[in-house]
Amino acid sequence: MGTVTGATAAVRTATGRRRALLVVLMLLAVQLVSLARPAYACGCGAMVHDPKTTMAVNRETSVVRWGGKSEQIVMSLTVDGTAPDAAWIMPVPHRASVRLGDPGLFDRLTALTAPAVRTRHYFWPRNGDWPFDGVSDGAAAPAPGARGPGVGVVGRERLGPFDVARLTATDPAALGNWLKSNGFQLPAALTSALRPYVTQRWEYVAIRLAPAEAHRRLTGTLDPLRLSFASDRLVYPMRLSRLAKTPQSLGLYVLAPHRMEPRSALGGTRPEVFFAGRITPEGALRDLAGAHRTFLTALDQRFPQPERITGDHELRRAAHDTPYQRVTYEDALLTVGGIPAWILAVGGVYVLLPAAVVPALALRRRRAGTPPPAVPVPPTP
């Protein structure tokens, strides 16, 4: 009986291992399928690549300069995937000029919008302060040109690693044919997503990008590109992002005469303002914004479900030019002349206490050694 039971247990163990292995293989297959899904769009436009490869835009950071009649966009993309090259499409309301942006622009903006650091003092010593040092608490602008049928190439130039074509299109299919002739297949969903821009008679900037070294995949932060075009409203194209297969993240710096705000969240999280205030442009920022003081509004937004994006970001003037800056606090022990205040206070008590207590005790002793005054006894009648 014991032998039969042991054999049964062995069979059950082997069966359990096979089932566990099958589950692991199924999970692995799901992971591989999810990795193979191409991300066709990012917050700035559409990224098109060989369907056999992958391409994802992990982060998009852009600077928008608007003067009331013209708009400039400088954008930087952080990408990852297996594609050795790709094409990127950016819809624009009017004909655009394109040139390389200055990477130092984003460094300057990061410094300008960094949180203000303020110090908070505390009186009594904490972990890390004497006598508790060594103990850690564990905290740590031309008008649009004439448009012919199909697609027209109105300009083409080589900018560093980018092959930039400025296109007109009256039919999304024609735009797809242009991409196909350049080695890329436009997904059907993207063709449909372009129809509203065709209806509004927008134009397009198509950019073919490849790594600096041949046979290497596109990954990391790409060189920024700077687009300039006429616009009487501040608009940031976002519609194509609804085709993305992964959550999107957008960082947007807005330079304008006043504080600006999006008209809606477009289906993403509520845009978070992490800086607002007037600045004096310097360096790379001066080349974009000019020498005069301007208002900088810095926004951050996430799109956990890109398919919910409803259109393009249109920004408007906020009700008030209220300044805002994040604040981080550094706690520090209160000192006076380099000496912890608590030591001075405790030392002062030890110095002043005897000076107050000794005279009090002496007075008490004197009072204890002096007989009480005699009370006269009234005479007996």
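Start in the middle: of the 34 residues in the largest nonpolar core, select Trp-88, Met-90, Val-205, Ile-207, Leu-225, Tyr-236 and Leu-252, which touch the most other members. Keep in mind as you click around that this is a predicted model. As background, nonpolar side chains in soluble globular proteins tend to be buried together.

Now zoom in on Ile-207. Leaving aside residues up to four places away in sequence, Ile-207 touches Ala-86, Ala-87, Trp-88, Phe-162, Asp-163, Val-164 and Leu-225.

Val-164 gives you a handle for the next stop, Gly-155. Setting aside residues up to four places away in sequence, Gly-155 touches Val-164, Ala-165 and Arg-166. You'll find Gly-155 in strand β8, residues 151–159. Is Gly-155 buried or exposed? Gly-155 is buried, because its relative accessible area is 12%, and the cut-off for buried is under 20%.

Next, colour strand β18, residues 313–317. Strand β13 (residues 234–236) runs antiparallel to β18, and three bridges join them. To see how they line up, select Leu-234, which stands opposite Leu-315 in β18. Strand β15 (residues 260–262) also pairs with β18, again in the antiparallel sense and over three bridges. Here, pick Met-260, whose bridge partner in β18 is Arg-317.

Time for a helix: show α2, residues 104–112, and highlight its buried residues, Leu-105, Phe-106, Leu-109 and Leu-112. Look down the axis of α2: these buried residues fall within an arc of 120 degrees, so they line one face of the helix.

On to the rings. How many aromatic pairs does the count come to? The count comes to three. One of them is Tyr-197 with Trp-202, a tilted pair at 4.9 Å centre to centre with 45 degrees between the planes. Both Tyr-197 and Trp-202 are buried. Then move to Tyr-253 and Phe-274: their ring centres are 6.1 Å apart and their planes stand at 80 degrees, so this pair is edge-to-face. Tyr-253 sits in strand β14 (residues 248–256) and Phe-274 in strand β16 (residues 272–279), so the pair ties together parts that are 21 residues apart in sequence. Tyr-253 and Phe-274 are both buried, too.

Last stop: charges over rings. Then select Tyr-122 and Arg-126: the charged end of Arg-126 sits over the Tyr-122 ring, 3.9 Å from the ring centre.

Notes. Residues are numbered from 1 along each chain as its sequence is written. This is a predicted model: local features need pLDDT of at least 70, side-chain atom pairs count only at pLDDT 80 or more; totals for chains, interfaces and linings use all residues. Side-chain values use heavy atoms; hydrogens and water are left out. Two strands pair if DSSP finds at least two bridges between them. Helices (H or I, at least four residues) and strands (E, at least two) are DSSP runs, numbered from the N terminus. Buried means under 20% relative accessible area, exposed over 50%, partly exposed in between (1.4 Å probe, protein chains only). Contact means heavy atoms within 4.5 Å. The arc is that of the directions from the helix axis to the C-beta atoms. A nonpolar core is a set of buried Ala, Val, Leu, Ile, Met, Phe, Trp, Tyr and Cys residues joined through side-chain atoms within 4.5 Å. Rings of Phe, Tyr and Trp (its six-membered ring) pair if their centres lie within 6.5 Å; planes under 30 degrees apart count as stacked, over 60 as edge-to-face and the rest as tilted. A charge sits over a ring if NZ of Lys or CZ of Arg is within 6 Å of the ring centre and within 35 degrees of the ring normal.
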